[in-house]
Amino acid sequence: MGSTVYQPFTNHLASSEWRLLAWLERENIAYDMISGYDLHCNPRILNNYQCIVLSSHCEYWSSDMFETLKKAHNEQNLWILNLSGNTLYRQIEFFDDGSSRCISLSFQKNYADETQLIGVRFTMRDYGTCAAYKVKKPEHWAFNNIHFHPDYPYFGEQSLLQNTPKKGWSYDPGRLGLANGLYGAGASGWETDKLSRSAPKDCYIIASGMNKGGGADMVVREPSGSRGGMFSASSISFPAALLIDYRASQLVKNILTRALDDK
């Protein structure tokens, strides 16, 4: 991937994870890493945490992973920060050696409605494109200490995942799905999720991607009782914007501050 996290490199798994970890370390935010297999095997693994961050391309989930997250979120005030696109979309099963296989192309149809946790669901309408977000609720607390000009309510204009030509028709580790590769620049992109009609009614949009196909819906659900709050950036290219877009960076710091302050 190169010697610096800022070096151009396009991959919807490794590069986004790398850049998110670099941002957490730059901001002196302590973190632990939990694999899908860890979450699958240990139903108490989230007991001592206040927040979980789903990063980059968190698509494949087992039923045990889902149940562990749901219990911690609904009963133990765990906040969910979904900094991923195409999140919780397909169902897998694990084998004893930690390997897995996909058993359903739709988690919703085969096991449970993922929008009850994250509010959003993947669509193909803007696949392979990137764009900025437009703010819908500039007064929301998530935008504290972020200035927007009234005539330009946008952020996330740049991401380190952008404008990548497809290398050819053979296997491409970047997984660029369009014939012309990844097109455009911005934090809303590559694979994005939209607010679903089946989501809880108290989920609401604070910003939306400006991709021609609709863009990522940035969704918030406030905490209530024993249930933690939820924030979804709904985009694969969002983590790769944190290092270079100060508004996106401040936004996530605001969410984390709220999540870690809630008791």
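## The second largest pocket

In this predicted model, strand 7 (129-131) and strand 10 (183-184) each supply at least two residues of the lining of the second largest pocket. Strand 7 gives the most to that lining, with 3 residues. The volume of the second largest pocket comes to about 180 Å³.

## The largest pocket

The lining divides into 28 nonpolar, 9 polar and 6 charged residues.

Which elements build this lining, with at least two residues each? They are helix 1 (14-26), helix 2 (36-41), strand 1 (51-56), strand 2 (60-61), strand 4 (90-94) and helix 6 (246-261). Strand 1 gives the most to the lining of the largest pocket, with 6 residues.

## The nonpolar core

Now to the inside of the protein. The largest nonpolar core has 45 residues, and Phe-155, Met-218, Phe-231 and Phe-238 are those with the most contacts inside it. At least two residues of this core come from each of helix 1, strand 3 (79-84), strand 8 (133-135), strand 13 (204-209), strand 14 (217-221) and helix 6. Helix 6 gives the most to this core, with 6 residues.

## Aromatic pairs

The structure holds 12 aromatic pairs. One of them joins Phe-66 and Phe-107, which form a tilted pair at 5.2 Å centre to centre, with 45° between the planes. Phe-66 lies in helix 3 (residues 63-75) and Phe-107 in helix 4 (residues 107-110), so the pair ties together parts that are 41 residues apart in sequence. Phe-66 counts as buried because its relative accessibility is 3%. Phe-107, at 0% relative accessibility, counts as buried too. Phe-107 also pairs with Tyr-111, this time edge-to-face, with 5.6 Å centre to centre and 65° between the planes.

Elsewhere, ring pairs link Tyr-133, Phe-143, Phe-148, Phe-155 and Phe-238 into a cluster. Phe-155 and Phe-238 are also among the residues with the most contacts inside the largest nonpolar core. A ring with a charged neighbour is found at Trp-141: the charged end of Arg-258 sits over that ring, 4.8 Å from its centre.

## Loop residues to look at

Asn-86 is not a glycine, yet has a positive phi of about 55°. Asn-86 is found in the loop between strand 3 and strand 4, and is buried, with a relative accessible area of 3%. Asn-163 also has a positive phi in a residue other than glycine, near 40°. The loop that holds Asn-163 runs between strand 9 (154-155) and strand 10. At 44% relative accessibility, Asn-163 counts as partly exposed, while Asn-86 is buried.

The loop between strand 14 and strand 15 (230-232) holds Ser-224. How far apart are Ser-224 and Asn-74 in sequence and in space? They are 150 residues apart in sequence and 9.0 Å apart in space, C-alpha to C-alpha. Ser-224 is partly exposed, with a relative accessible area of 45%.

Conventions: Residues are numbered from 1 along each chain as its sequence is written. This is a predicted model: local features need pLDDT of at least 70, side-chain atom pairs count only at pLDDT 80 or more; totals for chains, interfaces and linings use all residues. Side-chain values use heavy atoms; hydrogens and water are left out. Rings of Phe, Tyr and Trp (its six-membered ring) pair if their centres lie within 6.5 Å; planes under 30 degrees apart count as stacked, over 60 as edge-to-face and the rest as tilted. Helices (H or I, at least four residues) and strands (E, at least two) are DSSP runs, numbered from the N terminus. Buried means under 20% relative accessible area, exposed over 50%, partly exposed in between (1.4 Å probe, protein chains only). A charge sits over a ring if NZ of Lys or CZ of Arg is within 6 Å of the ring centre and within 35 degrees of the ring normal. Ala, Val, Leu, Ile, Met, Phe, Trp, Tyr, Cys and Pro count as nonpolar, Asp, Glu, Lys and Arg as charged, and the others, Gly among them, as polar. On a 1 Å grid over the protein atoms alone, a cavity is a set of points where a 1.4 Å probe fits but cannot get out, and a pocket is an open set with protein on both sides within 12 Å along at least five of seven lines; lining residues have an atom within 4 Å of a point. Grid points are joined across faces, edges and corners, and a volume is the space filled by probe spheres set on the points. A nonpolar core is a set of buried Ala, Val, Leu, Ile, Met, Phe, Trp, Tyr and Cys residues joined through side-chain atoms within 4.5 Å.
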